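Keep the 3D view open as you read.

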Amino acid sequence: MTQTTAFIVELIRAANEIEKLTPYEISRLLDRSVDTIRDMREQVGDVGTRRAHDVVIDLGVASARVRDLSNEDIRDTLIDAADIIRALHIILANRQ
């Protein structure tokens with residue numbers, strides 16, 4: 001299992017076990033997601049994204065406001081992060 005795949009599994013597991021995580025742990029996962037997505041976008045060549053509504057911005061805001069989010073919102077955000085990382089992982093794998 002690659003590091004990326006392991007991180008995707010970690011995000012999905014966290015989404016299914018929200019009640020077992022502290023706000024700090026959730027925030028840390030979201031911050032790692034932001035870093036991972038940015039790094040993978042750079043590898044793909046998609047660094048010029050300047051859309052007003054970007055998932056990286058949403059993840060950063062969610063990380064900062066994690067204490068204000070419902071468990072459902074946190075779960076959806078973690079799953080969204082995992083889905084984007086999975087999609088970027090597939091793109092990178094197909095390039096090799």
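S27 sits in helix α2, residues 23-44 (helices are DSSP runs of H or I, at least four residues, numbered from the N terminus). This is a predicted model, where local features need pLDDT of at least 70, side-chain atom pairs count only at pLDDT 80 or more, and totals for chains, interfaces and linings use all residues. Residues are numbered from 1 along each chain as its sequence is written, and side-chain values use heavy atoms, with hydrogens and water left out.

With a relative accessible area of 14%, S27 is buried (under 20%, using a 1.4 Å probe and protein chains only). Skipping its neighbours within four places in sequence, S27 is in contact with S63 and V66 (contact means heavy atoms within 4.5 Å).

## Two helices side by side

How do the axes of α2 and α3 cross? They come within 8 Å and cross at roughly 160°, with α3 covering residues 55-64 (axes are lines fitted to C-alpha atoms over the stretch in contact, and angles run from 0 to 180 degrees between N-to-C directions). The two helices are therefore roughly antiparallel (angles over 145 degrees). On the α2 side, the contact includes S27, L30 and D31, while the α3 side includes V55, L59 and S63.

## The nonpolar core

The largest nonpolar core has 26 residues, and L11, L59, I74, L78 and I85 touch the most other members (a core is a set of buried Ala, Val, Leu, Ile, Met, Phe, Trp, Tyr and Cys residues joined through side-chain atoms within 4.5 Å). The elements giving two or more residues to this core are α1 (3-16), α2, α3 and α4 (71-95).

Leaving aside its neighbours within four places in sequence, I74 is in contact with I18, I26, V66 and L69.

Terms used
Buried < 20%, exposed > 50% of the residue type's maximum accessible area, 1.4 Å probe, protein only. Parallel < 35°, antiparallel > 145°, perpendicular 65-115°, else oblique.
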